[in-house]
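Let's take a walk through this model, one piece at a time. Keep the structure open as you read.

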Amino acid sequence: MTKDVEYVVSDDSEIVIVDQFTGRTMPGRVFSEGLHQAIEAKENVPIKEETSTLATITYQNLFRLYDKLAGMTGTAKTEEEEFLSTYNMRVIVIPTNRPIARQDLPDEIYVHKSDKYKALVAKVKELYEKGQPVLVGTIAVEVSELLDKMLNDEGIPHEVLNAKNHAREAEIIAKAGRPKSVTIATNMAGRGTDIKLTKESRELGGLAVLGSERHESRRIDNQLRGRSGRQGDPGFSRFYVSLEDDLMVRFGTDKLKTCSLRWAKGRLSPNRLPVRLQWLRRRSKARTSIPVKTFWTTMTFCEDSVKSFTTRETKFSNPTTYRIWSD
C-alpha cells in the first residue's frame, strides 16, 4: 500500500481510502483483516479498533436482484462483452448530438519516466504560452504533486484536483476551460461536470487533454479524453507513456527496452520494430483483467528519450512513429 496512491492521510490524522478509478476519497471505508490498522501504525496516526464484516455482496449480484436493469454512460462500448456475460445486456451506441471535432493524437512513448514528464511539461508550457486551456490527467496523487512541482518550477500557474482537495472540485472544473488555464486532475475526479469553453478558448483550439500515462482500464482513459470535444467543441488529446510505467513493467519492459536500444544503435531495422512489439499485444490480450484491445494505435519513439538510452550521441531530425496495430 502506497501513500497518496491507495490512501491519503487527512488533516484529522485519519487514513482515508482513495478510489482507484475516480480519484475520490471514500470516508468511512476501511481495509479489512488488520491492514487498515497496520497502515495507521505505519503513518503514526491514532489506531482505531478493527471492524468486522457481517455480510458482503458483489455489485454484480446486487444488480441482479433487480427485475429490470438499464444504464447510460459514454464509455460502455469497450466493456460490451462484460455487460453481455455478466448481465446478458447489450450496449447500444447512440450517435452524438454534434459531430466530434476532437483529435485523438497517437501516444508518445519514452524510455524513462523523467523524459516523459519533461516532455509533458514542455508541451503544457507551449500551450500555456499560446493561451490554449490544458487538462493534465494523472492516475495517482503522487504524480499530480510531482507535475505540480515541475509546473511551479516553470512558473506556470495551475490548479490541482486530487483526493486531497476534492472539496474545490466544481470550482476548479468550472475554470478549466478559460484561456491560459492549466488543470491537473487525478483519474478525472469531477468528470460529472462539463468543462465550458469560452469563445476565445474555442478560437485557440479548444481544450487540450494530456494524459501522464495509460490506466489499466480503457474506460478511464476514454473518460479523460472525453473531457475535450464536448458538443462539437474543438480540442485534442494525447497520452505520454514511458517504459517504466507500471502497466509497461507488467507487460514486457525488458523486451521493449532491448528492442528500442537495438533500434537506436542501428542494429535493428525500423521495419522489424513493429513485428517485435507485437509481443506486447499478445501478452496484453492474454490478460482478461486488463482490456487492452487497442492498447495503442501508434507509438512514437522521441529523440530525447531514445538518445538518452544510447551510449553514443545519436541525432534524429524528427520523432519516428511506428504503427503497431489498430482495430
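**A walk from helix to sheet to surface**

In α8, the buried residues are R218, I220, D221, Q223, L224 and R225; buried here means under 20% relative accessible area, with exposed over 50% and partly exposed in between, using a 1.4 Å probe and protein chains only. That makes six of the eight residues in this helix (218-225), so α8 is mostly covered. Helices (H or I, at least four residues) and strands (E, at least two) are DSSP runs, numbered from the N terminus.

A word on the ground rules: this is a predicted model, where local features need pLDDT of at least 70 and side-chain atom pairs count only at pLDDT 80 or more, while totals for chains, interfaces and linings use all residues. Residues are numbered from 1 along each chain as its sequence is written, and side-chain values use heavy atoms, with hydrogens and water left out.

What do the buried residues of α8 pack against? Their partners are β4 (103-104), β5 (107-110), β6 (134-138), β9 (207-211) and β10 (235-242), with contact meaning heavy atoms within 4.5 Å.

Pick out β6 from that list. Five of its five residues are buried, so the strand is largely enclosed by the rest of the structure. Both faces are covered, with V134, V136 and T138 on one side and L135 and G137 on the other. β6 pairs in the parallel sense with β8 (182-186) over five bridges, and V136 stands opposite I184 there. With β9, β6 pairs in the parallel sense over four bridges, and L135 stands opposite V209. Pairing takes at least two DSSP bridges between two strands.

Now for another sheet: an open one of three strands, in the order β1-β2-β3, with antiparallel pairing. β1 (7-9) and β3 (25-26) stand at the edges with a single partner strand each, so one side of each has no neighbour in the sheet. Two bridges join β2 (15-18) to β3, and V18 stands opposite T25 in β3. Helix α1 (35-42) packs on this sheet, touching β1 and β2, and its direction makes about 120 degrees with that of β2; axes are lines fitted to C-alpha atoms, for helices over the stretch in contact, and angles run from 0 to 180 degrees between N-to-C directions.

Q37 lies in α1. Is Q37 buried or exposed? At 15% relative accessibility, Q37 counts as buried. Leaving aside neighbours within four places in sequence, Q37 is in contact with I47, K48, E49 and E50.
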